[in-house]
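Have a look at the sequence and the 3D view first, and then we can read the details together.

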Amino acid sequence: MGQELRDRDYAPLRLEEIQRGLVTERLGKKIHYLPEVDSTNLYARNLAEEGGLEGEVVIAESQSRGKGRLGRSWVSPPCLNLYLSVILRPKLPPLHAPQITLMAAVALAETVQCFIPLPTEIKWPNDILVGGKKLAGILTESSCDPGKILFVILGIGVNLNFSKELMPEAIRESATSIMALTGKPVNRSEFTLRLIQNLDRCYGELEEEGFSFLAKRWAGFFRLKGKRVRVQMLEQAILGKAMGIDIDGALILEDERGFVQRIVAGEVIPMEA
Ligand code: BTN
């Protein structure tokens, strides 16, 4: 597939165009746009700690210390992809904070579907895969008082015009990008606008209707239902059949003895195609 990038494809995001196009209730009224930052999640956390408002968005063209889940890093070269964080102040009990990741996964998967003609998959809890390869990741970090969420930083990284040649060897096999999948560079400003718009809609649905309103759509993107998986946790791994998620966002697994287990954190590895 031809994947030639012209100079304009490396161009910075068109912030004005994004702001002009947004019709949202909560997100993106204020966008902090940075050519470079250590991590948009760190930047957004500092803003939130100093009183940053719900819905403020941080976007950077590159990150020098992009953070992934489980202490990993997120490869963040300039002007090719999307690195975005949002400050949220949800009216949810802390126990339900994982619903923010699930909500964001639905918004992200629905956005990706508008740009590629291939099935999009949510890999619990925070990955978006296409063709079995990772296209995007979500990192949510919360700050809570007893019984109350003070804020959640919702961080999203999406590989947009990242060519296979430019990907570091460590991720070349396991990662993909919209351009690698379609053969054409994607308009990053348009993708960013759609994503913020969809996040605003899904977050509104979560706040007003509750997670059950989004659960069916989440399940539509969860392609491991009924499949054998291995769930790697910090100190142990469990084999079993993935059944879906519960209202708190935990993965429901039927283990090899037929017992139903609730997994709140871990890495899911499919055992069959
Ligand atoms: C993962 O899949 O491990 C989560 C990756 C999250 C990456 C994004 S990029 C924007 C935001 N800022 C960060 O430092 N990380 C998230």
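Which residues in H3 meet which residues in H6? In this predicted model, the H3 side of the contact is made up of Gln99, Ile100, Met103, Ala104, Val106, Ala107, Leu108, Glu110, Thr111, Val112, Cys114 and Phe115. Facing them in H6 are Glu190, Phe191, Arg194, Leu195, Asn198, Leu199, Arg201, Cys202, Tyr203 and Leu206. Sorted by class, the residues of this contact are 15 nonpolar, 3 polar and 4 charged.

**How the helices are arranged**

Two packed helices are described by the angle between their axes and the distance between the axes.

| Helix pair | Angle between axes | Distance between axes |
|---|---|---|
| H3 (residues 98–115) and H6 (residues 188–209) | about 140° | 9 Å |
| H3 and H7 (residues 212–221) | about 60° | 10 Å |
| H6 and H7 | about 135° | 8 Å |

Let's take the pairs in turn. With an angle of about 140°, H3 and H6 are oblique to each other. The crossing of H3 past H6 is right-handed.

H3 and H7 pack at about 60°, and that makes H3 oblique to H7. Here H3 passes H7 in a left-handed crossing. On the H3 side, Leu102, Met103, Ala105, Val106, Ala109, Glu110 and Gln113 take part, and they meet Leu214, Arg217, Trp218 and Phe221 in H7. This contact divides into 8 nonpolar, 1 polar and 2 charged residues.

H6 and H7 have an angle of about 135° between them, which makes H6 oblique to H7. From H6, the residues in contact are Arg201, Cys202, Glu205, Leu206 and Glu209, while H7 brings Ser212, Phe213, Leu214 and Arg217. By class, this contact counts 4 nonpolar, 1 polar and 4 charged residues.

**A closer look at H6**

How far does H6 reach from its first C-alpha to its last? The span is 31 Å for 22 residues, close to the 32 Å expected at 1.5 Å a residue. At the start of H6, Asn187 has a side-chain oxygen that comes to within 3.0 Å of the backbone nitrogen of Ser189. At the other end, H6 is followed by Gly210, which has a positive phi near 90°.

**Two spots in the loops**

Where is Pro125 found? Pro125 belongs to the loop between strand E4 (120–123) and strand E5 (127–130). The peptide bond that leads from Trp124 to Pro125 is cis, and its omega is near 0°.

Another loop, between strand E2 (57–60) and strand E3 (82–88), holds Leu70. The phi of Leu70 is near 55°, a positive value in a residue other than glycine.

Terms used
Residues numbered from 1 in each chain as written. Predicted model: local features only at pLDDT ≥ 70, side-chain atom pairs only at ≥ 80, totals over all residues. Heavy atoms only, no water. Axes fitted to C-alpha atoms, helices over the stretch in contact; angles between N-to-C directions. Helix = DSSP H or I, 4+ residues; strand = E, 2+ residues; numbered from the N terminus. Parallel < 35°, antiparallel > 145°, perpendicular 65-115°, else oblique. Left-handed = near helix turned anticlockwise from the far one by under 90°. Contact = heavy atoms within 4.5 Å. Nonpolar A, V, L, I, M, F, W, Y, C, P; charged D, E, K, R; others polar. Expected span 1.5 Å × (residues − 1). Polar contact = N/O pair within 3.5 Å; in protein donor to acceptor, adjacent residues only side chain to side chain.
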